[in-house]
Amino acid sequence: MTLLQVFLLFVAGFLSGVVNAIAGGGTFLTFGAMTLGGLPPIVANATSSIIQFPGYITSTLAYAEEIRADRKNAVVLGIISAIGGLAGALLLLSLSNPAFRAMVPWLLIAATAIFAAGPLLKPKARSDEHRIGPLGVASQLATSVYGGFFGAGMGIMMLAVLGLATGGGYHRLNALKNFISIVIAAIAIVVFAAGGVVSWLHAAIMVPGAALGGYMGVWAARRVPQAVIRAVVVAVGLLLAAYYFFTG
(Lines give C-alpha, C1' and ligand atoms only; values in the text may rest on other atoms or scores of the structure.)
Protein backbone atom coordinates (compact mmCIF):
# COMPACT_ATOMS: atom_id res chain seq x y z
CA MET A 1 0.00 0.00 0.00
CA THR A 2 1.44 3.38 -1.04
CA LEU A 3 1.44 6.54 1.07
CA LEU A 4 -1.08 8.05 -1.35
CA GLN A 5 -3.45 5.13 -0.81
CA VAL A 6 -3.07 5.46 2.96
CA PHE A 7 -3.83 9.17 2.70
CA LEU A 8 -6.91 8.61 0.53
CA LEU A 9 -8.26 5.94 2.89
CA PHE A 10 -7.74 8.24 5.88
CA VAL A 11 -9.57 11.04 4.05
CA ALA A 12 -12.44 8.68 3.21
CA GLY A 13 -12.66 7.70 6.88
CA PHE A 14 -12.57 11.35 7.91
CA LEU A 15 -15.32 12.33 5.47
CA SER A 16 -17.45 9.38 6.59
CA GLY A 17 -17.22 10.64 10.17
CA VAL A 18 -18.21 14.14 9.07
CA VAL A 19 -21.27 13.07 7.09
CA ASN A 20 -22.34 10.61 9.81
CA ALA A 21 -22.30 13.45 12.34
CA ILE A 22 -24.38 15.68 10.07
CA ALA A 23 -26.76 13.47 8.11
CA GLY A 24 -25.57 9.84 8.18
CA GLY A 25 -24.43 7.82 5.19
CA GLY A 26 -20.74 7.41 5.97
CA THR A 27 -20.83 3.75 4.95
CA PHE A 28 -21.15 4.79 1.30
CA LEU A 29 -17.76 6.50 1.53
CA THR A 30 -15.86 3.82 3.45
CA PHE A 31 -17.27 0.91 1.45
CA GLY A 32 -16.72 2.75 -1.82
CA ALA A 33 -13.15 3.76 -1.00
CA MET A 34 -12.12 0.24 -0.06
CA THR A 35 -13.77 -1.53 -3.01
CA LEU A 36 -12.44 1.03 -5.49
CA GLY A 37 -9.04 0.45 -3.90
CA GLY A 38 -9.22 -3.24 -4.73
CA LEU A 39 -10.61 -4.92 -1.61
CA PRO A 40 -13.16 -7.70 -2.22
CA PRO A 41 -16.69 -6.40 -1.53
CA ILE A 42 -17.34 -8.76 1.39
CA VAL A 43 -14.11 -7.66 3.11
CA ALA A 44 -14.88 -3.98 2.43
CA ASN A 45 -18.39 -4.39 3.84
CA ALA A 46 -17.16 -6.20 6.96
CA THR A 47 -14.39 -3.66 7.56
CA SER A 48 -16.86 -0.78 7.20
CA SER A 49 -18.75 -2.18 10.20
CA ILE A 50 -15.64 -1.76 12.33
CA ILE A 51 -14.96 1.75 11.05
CA GLN A 52 -18.48 2.92 11.98
CA PHE A 53 -18.47 1.17 15.39
CA PRO A 54 -16.73 3.88 17.51
CA GLY A 55 -19.29 6.42 16.36
CA TYR A 56 -22.12 4.18 17.56
CA ILE A 57 -20.51 3.97 21.00
CA THR A 58 -20.01 7.72 21.43
CA SER A 59 -23.55 8.44 20.22
CA THR A 60 -24.96 5.91 22.68
CA LEU A 61 -22.99 7.35 25.58
CA ALA A 62 -24.51 10.73 24.82
CA TYR A 63 -27.95 9.14 25.32
CA ALA A 64 -27.06 7.12 28.44
CA GLU A 65 -29.79 8.74 30.56
CA GLU A 66 -32.53 8.04 28.01
CA ILE A 67 -31.45 4.44 27.59
CA ARG A 68 -31.43 3.81 31.36
CA ALA A 69 -34.95 5.24 31.59
CA ASP A 70 -36.09 2.92 28.78
CA ARG A 71 -34.01 -0.14 29.67
CA LYS A 72 -36.85 -2.69 29.31
CA ASN A 73 -37.44 -1.77 25.68
CA ALA A 74 -33.68 -1.52 25.13
CA VAL A 75 -33.18 -5.08 26.41
CA VAL A 76 -36.02 -6.54 24.32
CA LEU A 77 -34.95 -4.70 21.19
CA GLY A 78 -31.31 -5.60 21.87
CA ILE A 79 -32.12 -9.33 22.00
CA ILE A 80 -34.21 -9.14 18.81
CA SER A 81 -31.49 -7.18 17.05
CA ALA A 82 -28.70 -9.51 18.19
CA ILE A 83 -30.55 -12.44 16.60
CA GLY A 84 -31.18 -10.50 13.39
CA GLY A 85 -27.65 -9.10 13.23
CA LEU A 86 -26.20 -12.59 13.68
CA ALA A 87 -28.40 -13.97 10.91
CA GLY A 88 -27.44 -11.13 8.56
CA ALA A 89 -23.72 -11.49 9.21
CA LEU A 90 -23.82 -15.26 8.73
CA LEU A 91 -25.81 -14.77 5.52
CA LEU A 92 -23.07 -12.48 4.21
CA LEU A 93 -20.38 -15.03 5.03
CA SER A 94 -22.33 -17.74 3.23
CA LEU A 95 -21.97 -15.85 -0.07
CA SER A 96 -19.01 -15.81 -2.42
CA ASN A 97 -17.48 -12.47 -3.40
CA PRO A 98 -18.87 -12.71 -6.98
CA ALA A 99 -22.38 -13.45 -5.64
CA PHE A 100 -22.23 -10.50 -3.21
CA ARG A 101 -20.65 -8.32 -5.91
CA ALA A 102 -23.69 -8.93 -8.12
CA MET A 103 -25.97 -7.74 -5.30
CA VAL A 104 -23.95 -4.62 -4.45
CA PRO A 105 -25.44 -2.19 -7.02
CA TRP A 106 -28.99 -3.15 -6.01
CA LEU A 107 -28.13 -2.81 -2.33
CA LEU A 108 -26.58 0.60 -3.00
CA ILE A 109 -29.64 1.81 -4.89
CA ALA A 110 -31.94 0.62 -2.11
CA ALA A 111 -29.76 2.20 0.58
CA THR A 112 -29.49 5.45 -1.40
CA ALA A 113 -33.27 5.59 -1.81
CA ILE A 114 -33.74 5.03 1.93
CA PHE A 115 -31.17 7.69 2.71
CA ALA A 116 -32.75 10.20 0.30
CA ALA A 117 -36.15 9.57 1.88
CA GLY A 118 -34.71 10.04 5.37
CA PRO A 119 -36.48 13.35 6.11
CA LEU A 120 -39.82 11.75 5.18
CA LEU A 121 -39.14 8.66 7.30
CA LYS A 122 -38.00 10.63 10.35
CA PRO A 123 -40.63 10.02 13.07
CA LYS A 124 -42.54 12.98 14.41
CA ALA A 125 -42.48 13.78 18.10
CA ARG A 126 -45.21 11.74 19.82
CA SER A 127 -46.13 10.88 23.37
CA ASP A 128 -47.98 7.61 22.75
CA GLU A 129 -45.26 5.26 23.95
CA HIS A 130 -46.34 1.63 23.91
CA ARG A 131 -44.98 -1.88 24.23
CA ILE A 132 -43.54 -3.62 21.20
CA GLY A 133 -46.10 -5.76 19.40
CA PRO A 134 -45.60 -8.68 16.99
CA LEU A 135 -45.40 -6.37 13.98
CA GLY A 136 -42.74 -4.27 15.70
CA VAL A 137 -40.73 -7.39 16.57
CA ALA A 138 -40.88 -8.65 12.97
CA SER A 139 -39.98 -5.23 11.54
CA GLN A 140 -37.01 -4.76 13.85
CA LEU A 141 -35.83 -8.32 13.20
CA ALA A 142 -35.87 -7.67 9.44
CA THR A 143 -34.05 -4.35 9.89
CA SER A 144 -31.35 -5.95 12.03
CA VAL A 145 -30.84 -8.76 9.49
CA TYR A 146 -30.24 -6.06 6.89
CA GLY A 147 -27.91 -4.24 9.29
CA GLY A 148 -25.80 -7.33 9.89
CA PHE A 149 -25.72 -8.08 6.16
CA PHE A 150 -24.98 -4.64 4.65
CA GLY A 151 -25.81 -1.77 6.99
CA ALA A 152 -25.93 1.34 4.78
CA GLY A 153 -29.11 3.26 5.63
CA MET A 154 -29.78 1.04 8.66
CA GLY A 155 -30.14 3.94 11.08
CA ILE A 156 -32.82 5.66 9.01
CA MET A 157 -34.72 2.39 8.63
CA MET A 158 -34.54 1.80 12.37
CA LEU A 159 -35.87 5.22 13.30
CA ALA A 160 -38.90 4.62 11.08
CA VAL A 161 -39.45 1.10 12.45
CA LEU A 162 -39.04 2.15 16.09
CA GLY A 163 -41.46 5.02 15.61
CA LEU A 164 -44.12 2.50 14.62
CA ALA A 165 -43.02 -0.20 17.07
CA THR A 166 -42.77 1.80 20.30
CA GLY A 167 -43.80 5.40 19.66
CA GLY A 168 -42.40 8.25 21.73
CA GLY A 169 -40.34 11.35 21.00
CA TYR A 170 -37.45 11.59 18.57
CA HIS A 171 -34.67 11.58 21.17
CA ARG A 172 -36.10 8.46 22.82
CA LEU A 173 -36.15 6.69 19.45
CA ASN A 174 -32.70 7.95 18.52
CA ALA A 175 -31.29 6.69 21.83
CA LEU A 176 -32.75 3.22 21.20
CA LYS A 177 -31.47 3.29 17.62
CA ASN A 178 -27.93 4.11 18.72
CA PHE A 179 -27.95 1.38 21.37
CA ILE A 180 -29.29 -1.21 18.93
CA SER A 181 -26.71 -0.19 16.34
CA ILE A 182 -23.97 -1.13 18.83
CA VAL A 183 -25.56 -4.55 19.35
CA ILE A 184 -25.91 -5.29 15.63
CA ALA A 185 -22.44 -4.02 14.76
CA ALA A 186 -20.77 -5.86 17.67
CA ILE A 187 -22.35 -9.17 16.68
CA ALA A 188 -21.44 -8.62 13.04
CA ILE A 189 -17.84 -7.69 13.89
CA VAL A 190 -17.37 -10.86 15.95
CA VAL A 191 -18.75 -12.99 13.10
CA PHE A 192 -16.69 -11.20 10.44
CA ALA A 193 -13.49 -11.39 12.51
CA ALA A 194 -14.03 -15.10 13.16
CA GLY A 195 -14.68 -15.59 9.45
CA GLY A 196 -11.42 -13.85 8.54
CA VAL A 197 -13.05 -11.25 6.28
CA VAL A 198 -11.81 -8.09 8.01
CA SER A 199 -8.91 -6.01 6.71
CA TRP A 200 -7.45 -4.80 9.98
CA LEU A 201 -4.90 -2.65 8.16
CA HIS A 202 -7.63 -0.66 6.39
CA ALA A 203 -9.57 -0.40 9.65
CA ALA A 204 -6.49 0.91 11.49
CA ILE A 205 -6.03 3.61 8.85
CA MET A 206 -9.67 4.69 8.61
CA VAL A 207 -10.92 4.49 12.21
CA PRO A 208 -8.81 7.47 13.41
CA GLY A 209 -10.02 9.46 10.40
CA ALA A 210 -13.64 8.58 11.17
CA ALA A 211 -13.20 9.57 14.82
CA LEU A 212 -11.66 12.92 13.87
CA GLY A 213 -14.33 13.46 11.25
CA GLY A 214 -17.07 12.77 13.78
CA TYR A 215 -15.67 15.50 16.00
CA MET A 216 -15.27 17.95 13.12
CA GLY A 217 -18.74 17.09 11.88
CA VAL A 218 -20.23 19.01 14.79
CA TRP A 219 -18.36 22.09 13.58
CA ALA A 220 -19.44 21.48 9.99
CA ALA A 221 -23.07 20.92 11.00
CA ARG A 222 -23.25 24.53 12.14
CA ARG A 223 -21.99 25.85 8.81
CA VAL A 224 -23.04 23.41 6.06
CA PRO A 225 -26.76 22.86 5.41
CA GLN A 226 -27.78 19.24 6.02
CA ALA A 227 -29.54 19.20 2.65
CA VAL A 228 -26.20 19.84 0.91
CA ILE A 229 -24.48 16.95 2.70
CA ARG A 230 -27.46 14.70 2.01
CA ALA A 231 -27.32 15.57 -1.70
CA VAL A 232 -23.59 14.78 -1.82
CA VAL A 233 -24.10 11.39 -0.13
CA VAL A 234 -26.98 10.52 -2.48
CA ALA A 235 -24.79 11.44 -5.45
CA VAL A 236 -21.97 9.23 -4.15
CA GLY A 237 -24.42 6.34 -3.65
CA LEU A 238 -25.79 6.65 -7.19
CA LEU A 239 -22.32 6.98 -8.73
CA LEU A 240 -21.12 3.89 -6.88
CA ALA A 241 -24.22 1.96 -7.96
CA ALA A 242 -23.66 3.01 -11.57
CA TYR A 243 -19.99 1.98 -11.33
CA TYR A 244 -20.87 -1.50 -10.06
CA PHE A 245 -23.61 -1.91 -12.68
CA PHE A 246 -21.35 -1.01 -15.59
CA THR A 247 -18.26 -2.85 -14.37
CA GLY A 248 -20.10 -5.99 -13.27
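Met154 is buried, at a relative accessible area of 4%. That is my starting point today. One caution: this is a predicted model.

So where does Met154 sit? It belongs to helix H9, which covers residues 154–165. Setting aside neighbours within four places in sequence, Met154 touches Tyr56, Thr143, Tyr146, Gly147, Ser181 and Ile184. Now look across to Ile114. Met154 and Ile114 are 40 residues apart along the chain. In space, their C-alpha atoms are 8.8 Å apart.

Next, the record. UniProt, in an unreviewed entry, places "transmembrane region" at residues 74–95, 102–121, 141–164, 176–194 and 227–246. Take two of those spans. Residues 141–164 are 83% helix and 0% strand. The end C-alpha atoms of 141–164 are 14 Å apart. Now residues 176–194. This span is 100% helix, with 0% strand. Its end C-alpha atoms lie 27 Å apart.

How many residues does the largest nonpolar core have? The count is 49. Those with the most contacts inside this core are Phe28, Phe31, Met34, Phe100, Leu108, Phe150 and Phe192.

Beyond its neighbours within four places in sequence, Phe31 contacts Pro41, Ala44, Asn45, Ser48, Phe100, Val104, Phe150 and Tyr244.

Now Thr30. Thr30 lies in helix H2, residues 26–36. Is Thr30 buried or exposed? Its relative accessible area is 0%, so Thr30 counts as buried. Again leaving out neighbours within four places in sequence, Thr30 is in contact with Ala12, Ser16, Ser48, Ile51, Gln52 and Met206. Note Ser48. It is on the contact list of Thr30, and on that of Phe31.

Last, the surface. Which residues form the nonpolar patch? They are Phe10, Leu212, Tyr215, Met216 and Trp219. Together they have about 520 Å² of accessible area. Helix H11, residues 200–221, gives the most to this patch, with four residues. Tyr215 is in helix H11. Its relative accessible area is 64%, so Tyr215 is exposed.

Conventions
Residues numbered from 1 in each chain as written. Predicted model: local features only at pLDDT ≥ 70, side-chain atom pairs only at ≥ 80, totals over all residues. Heavy atoms only, no water. Core = buried A, V, L, I, M, F, W, Y, C linked by side-chain atoms within 4.5 Å. Buried < 20%, exposed > 50% of the residue type's maximum accessible area, 1.4 Å probe, protein only. Contact = heavy atoms within 4.5 Å. Patch = residues over 30% accessible without salt bridge, like charges linked within 9 Å, V, L, I, M, F, W, Y side chains within 5 Å. Areas by Shrake-Rupley, 256 points an atom, 1.4 Å probe, with all protein chains shown as cover. Salt bridge = Lys/Arg side-chain N within 4 Å of Asp/Glu carboxyl O. Helix = DSSP H or I, 4+ residues; strand = E, 2+ residues; numbered from the N terminus. UniProt positions renumbered as here; feature names shortened; annotations may be inferred.
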